[in-house]
Amino acid sequence: METEEPIQLIGTVSQVSPDGTFLVRLPNGHVVFGHVAAKMRNELVGLGVDDKVQVEMTPYDLGKARITARAK
């Protein structure tokens, strides 16, 4: 069985939760629930509202995203 490639987008953090999760607004207006990838946890400390981030989403669940980097 072939695996689907993740969808990569740039979004803007719109809300930060105390448990380390984020609401990310995508360019098309959708808002997804995001969490920081384990490899990037130390580098992405201090993410706040209005920060640009790169996210990956699976085509099977478009409501969740993994934050992989801070966008420039």
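For these notes, I count Ala, Val, Leu, Ile, Met, Phe, Trp, Tyr, Cys and Pro as nonpolar, Asp, Glu, Lys and Arg as charged, and the others, Gly among them, as polar. The model I consulted is predicted.

**Entry 1: the largest pocket**

I applied these classes to the lining of the largest pocket and recorded six charged, four nonpolar and two polar residues. The space in this pocket comes to about 150 Å³. I listed the lining residues as Glu-4, Glu-5, Pro-6, His-35, Glu-56, Met-57, Thr-58, Pro-59, Asp-61, Lys-64, Ala-65 and Arg-66.

Which strand gives the largest share of the lining? I found that β5 does, with four residues. I also noted that β4 (52–58) and β5 each supply at least two residues of the lining.

**Entry 2: the barrel**

I next traced the strand order. Five strands close into a barrel, in the order β1-β2-β3-β5-β4, and the pairing is mixed. From one strand to the next, the twist averages 50°. I recall that strands of a sheet pair through backbone hydrogen bonds, either parallel or antiparallel.

**Entry 3: the partners of β1**

I then looked up strand β1, which covers residues 7–16. Strands β1 and β2 (residues 21–25) run antiparallel and are joined by four bridges. Within this pairing, I found Gln-15 opposite Leu-23 of β2, and I recorded Phe-22 of β2 as the bridge partner of Val-16.

How many bridges join β1 to β4? I counted six, and these strands run antiparallel. Here I found Thr-12 opposite Lys-52 of β4.

**Entry 4: Ile-67**

Is Ile-67 buried or exposed? Its relative accessibility is 0%, and therefore I classed Ile-67 as buried, the cut-off for buried being under 20%.

Leaving aside residues up to four places away in sequence, I listed the contacts of Ile-67 as Phe-22, Val-24, Gly-34, His-35, Val-36, Ala-37, Leu-44, Leu-47, Val-53, Gln-54 and Val-55. Among them, Phe-22 was already noted as the β2 partner of Val-16, and His-35 was already noted in the lining of the largest pocket.

I also looked up the spacing between Ile-67 and Val-53: they are 14 residues apart along the chain, and their C-alpha atoms are separated by 6.6 Å.

Technical notes
Residues are numbered from 1 along each chain as its sequence is written. This is a predicted model: local features need pLDDT of at least 70, side-chain atom pairs count only at pLDDT 80 or more; totals for chains, interfaces and linings use all residues. Side-chain values use heavy atoms; hydrogens and water are left out. Buried means under 20% relative accessible area, exposed over 50%, partly exposed in between (1.4 Å probe, protein chains only). Contact means heavy atoms within 4.5 Å. On a 1 Å grid over the protein atoms alone, a cavity is a set of points where a 1.4 Å probe fits but cannot get out, and a pocket is an open set with protein on both sides within 12 Å along at least five of seven lines; lining residues have an atom within 4 Å of a point. Grid points are joined across faces, edges and corners, and a volume is the space filled by probe spheres set on the points. Two strands pair if DSSP finds at least two bridges between them. Axes are lines fitted to C-alpha atoms, for helices over the stretch in contact, and angles run from 0 to 180 degrees between N-to-C directions.
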